[in-house]
Amino acid sequence: MNKRALIIIEAIVLGAALAPALAIASQIVSDKRRMTGSACAQVSTAGFLRITHDDGAIFNDVVNGNFPLTVDCPVISNVTPPSGDISAAPELWYLDHSTSAISCVLRSDSNDSIISVENSATSTGDDGNYRKMTFTLTPLSGGYQHFRCTIPTRDAAGNASYIIGYRSW
Amino acid sequence: MKRSFSTAALLVALAVGPTPARAVMTDANGTIAGSLCQKVGLPGTLRVTADDGAVYNHSSSAVLTIDCPIASAGQGSKTLSGFSNLWYLDQSTSSISCTLRAEDAGTTAVNQLSRSSTGDDNGYRSLDFGNVQGFAGGQMHLRCTIPPRDAAGNASFVISYIIRDDGPDATGHKLGYHTFPGTNCRRIGSDGSVGFTTDGTIFNDLSGGNRMHVDCPMFTTRNGGSTGPGTVVWYLDDSPEQLSCMLRAEDAGSVLINSVSFNSSVNDNIYRSASLSGLATFNGGFVHMHCWLPVRDSGGLASYVVGYAIEPL
């Protein structure tokens with residue numbers, strides 16, 4: 001066996017040895033925990049939280065008034081969130097079909113909530129198109145993340161705005 | 001000689017390769033805001049704070065009971081002491097009391113640990129729920145009581161919690177496998193009345209009317225692929241009317257939909273599981289479960305969704 005063949009065999013052996021670990025490491029780094037809007041909880045008493053009968057989205061079932069619904073959407077936050085991985089940026093999918101926008105804040109709190117950092121985003125649209133908000137946030141290690149959103153009421157024509165789902169680390 | 005040694009080292013690495021991949025851990029656990037907790041029973045008033053996602057009892061007279069679902073690795077491991085905590089702020093005369101319940105999949109056996117808060121001040125503290133033995137494929141949840149506001153109006157808060165029962169996979173499930181108790185389900189529409197049992201199941205607490213439609217969220221970590229054989233729903237069907245569940249996968253825009261369903265009409269008192277495997281999911285999409293729970297029968301017997309699990313492939 002010549003030297004070149006030996007090197008090739010070693011490369012194959014090395015690849016086989018590392019493949020499972022690398023594959024799993026890759027899965028963890030790209031880990032994005034996605035949940036439907038149905039995991040969100042209503043905050044305070046204004047607005048009326050409803051879950052759709054099909055896709056697990058949520059909306060404000062109040063017709064045309066100044067009663068925005070505030071919701072808190074918990075994330076099953078990774079024990080050690082990945083850092084610097086742009087592909088895993090937190091996102092929230094929505095359908096903005098109201099005159100007013102959906103406004104969201106992604107918060108990362110220390111586990112006792114004494115320290116927090118946050119980043120805000122606002123919907124665009126007022127049409128029938130599904131879009132997503134993207135957030136830029138370095139989460140607090142060992143803490144937890146959650147989205148805080150306000151959903152406007154149905155518009156005068158009865159159209160509602162929806163939070164479809166969200167993902168974070 | 002150097003090259004021979006190198007080759008031998010590589011062969012050794014191959015032999016031990018999978019071991020350092022502790023990563024066979026199911027990667028199920030996470031810290032969760034109190035806002036995932038749901039109210040149990042009628043007394044007390046559950047509120048979510050306007051900032052940190054904590055929950056508290058807004059009532060000034062009644063005790064509030066909540067159930068806080070846990071994404072469990074379902075490995076049959078013990079919870080990790082020092083890494084399994086519930087954070088709280090106790091500002092009331094009475095304590096916050098919590099019990100971590102580890103149920104087996106059929107909720108016929110339970111291991112549990114109860115703790116109570118200390119304080120009545122402005123100090124943030126935590127309760128340790130380590131060393132509770134879980135069950136393979138079982139569910140975990142925290143059941144807490146939060147006292148009413150004190151005479152000065154101060155409330156007590158459950159801020160966040162994490163229960164770590166992850167570990168080297170002992171059940172052959174894939175990365176991302178996790179279980180949830182039925183208390184993680186939420187009612188859709190106005191039919192039925194939600195009941196949560198002490199062991200973490202959900203049922204329709206009415207004796208008449210339509211079936212109660214609920215949505216049971218779960219998290220997904222993989223991009224696409226199908227649900228594996230560990231994807232199941234545990235239930236007890238004790239009503240003449242059918243109990244049904246449907247696991248749904250949607251793309252991020254809710255345009256594409258796949259689903260797998262099961263219907264039960266056995267009407268007995270036996271805990272069973274139904275497979276929801278083979279559901280093709282979408283890259284970047286969501287997975288969640290719908291169930292329809294019948295009303296109690298004429299003898300008062302109900303049907304229950306005990307818990308559910310997802311195994312990504």
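Mentor: In this predicted model, the hairpin of E18(B) and E19(B) has six residues between the strands, and Ser254(B) takes a positive phi near 55 degrees there.

Trainee: How do you know that E18(B) and strand E19 of chain B pair?

Mentor: Pairing requires at least two bridges between two strands. E18(B) and strand E19 (residues 257-264) are joined over eight bridges in the antiparallel sense, so they count as paired. Ser244(B), for example, has Asn263(B) as its bridge partner in E19(B).

Trainee: Which strand of chain B is joined to E18(B) by seven bridges?

Mentor: That is strand E21 (residues 286-293), which runs antiparallel to E18(B). Within this pairing, Glu250(B) stands opposite Phe286(B).

Trainee: What makes E2 and E8 of chain B edge strands?

Mentor: They belong to an open sheet of five strands with antiparallel pairing, in the order E2-E5-E10-E7-E8. Strand E2 (38-40) and strand E8 (110-116) each have a single partner strand, so one side of each is left without a neighbour in the sheet. On average, neighbouring strands of this sheet are turned by 25 degrees against each other, direction ignored.

Trainee: How many bridges join strand E7 to strand E10 of chain B?

Mentor: Seven bridges join E7 (residues 97-103) to E10 (residues 139-146), and the two run antiparallel. Arg101(B) has His141(B) as its bridge partner in E10(B).

Trainee: Why is the contact of Glu103(B) with Arg101(B) called a salt bridge?

Mentor: The limit is 4 Å between a side-chain nitrogen of Lys or Arg and a carboxyl oxygen of Asp or Glu. The closest N and O atoms of Glu103(B) and Arg101(B) are 2.7 Å apart, so the contact qualifies. Both residues are buried.

Trainee: What is the distance between the closest N and O atoms of Arg107(A) and Asp109(A)?

Mentor: The distance is 2.6 Å, and the pair forms a salt bridge. Arg107(A) and Asp109(A) are both buried. Over all chains, the structure holds 14 salt bridges.

Trainee: Which parts of the chain does the salt bridge of Arg154(A) and Asp61(A) link?

Mentor: The side chains of these residues meet at 2.8 Å, N to O. The pair links distant parts of the chain, 93 residues apart: Arg154(A) is in the loop between strand E10 (144-151) and strand E11 (162-168) of chain A, and Asp61(A) in the loop between strand E4 (58-60) and strand E5 (69-74) of chain A.

Trainee: Why does Arg154(A) count as buried, and why is Asp61(A) called partly exposed?

Mentor: The cut-off for buried is under 20%, and exposed means over 50%. Arg154(A) has 19% relative accessibility and therefore counts as buried. Asp61(A) has a relative accessible area of 23%, so it is partly exposed.

Trainee: Which residues form a nonpolar patch on the surface?

Mentor: Ile114(A), Ile115(A) and Tyr124(B) form it, with about 300 Å² of accessible area together. Of these, Ile115(A) is found in the loop between strand E7 (103-109) and strand E8 (116-122) of chain A.

Technical notes. Residues are numbered from 1 along each chain as its sequence is written. Chains are lettered from A and ligands numbered from 1 in the order in which they are written. This is a predicted model: local features need pLDDT of at least 70, side-chain atom pairs count only at pLDDT 80 or more; totals for chains, interfaces and linings use all residues. Side-chain values use heavy atoms; hydrogens and water are left out. Patches are made of residues with over 30% relative accessible area and no salt bridge: like charges are joined within 9 Å, nonpolar side chains (Val, Leu, Ile, Met, Phe, Trp, Tyr) within 5 Å. Accessible areas come from the Shrake-Rupley method with a 1.4 Å probe; for residues, only the protein chains shown count as cover. Helices (H or I, at least four residues) and strands (E, at least two) are DSSP runs, numbered from the N terminus. Buried means under 20% relative accessible area, exposed over 50%, partly exposed in between (1.4 Å probe, protein chains only). Axes are lines fitted to C-alpha atoms, for helices over the stretch in contact, and angles run from 0 to 180 degrees between N-to-C directions.
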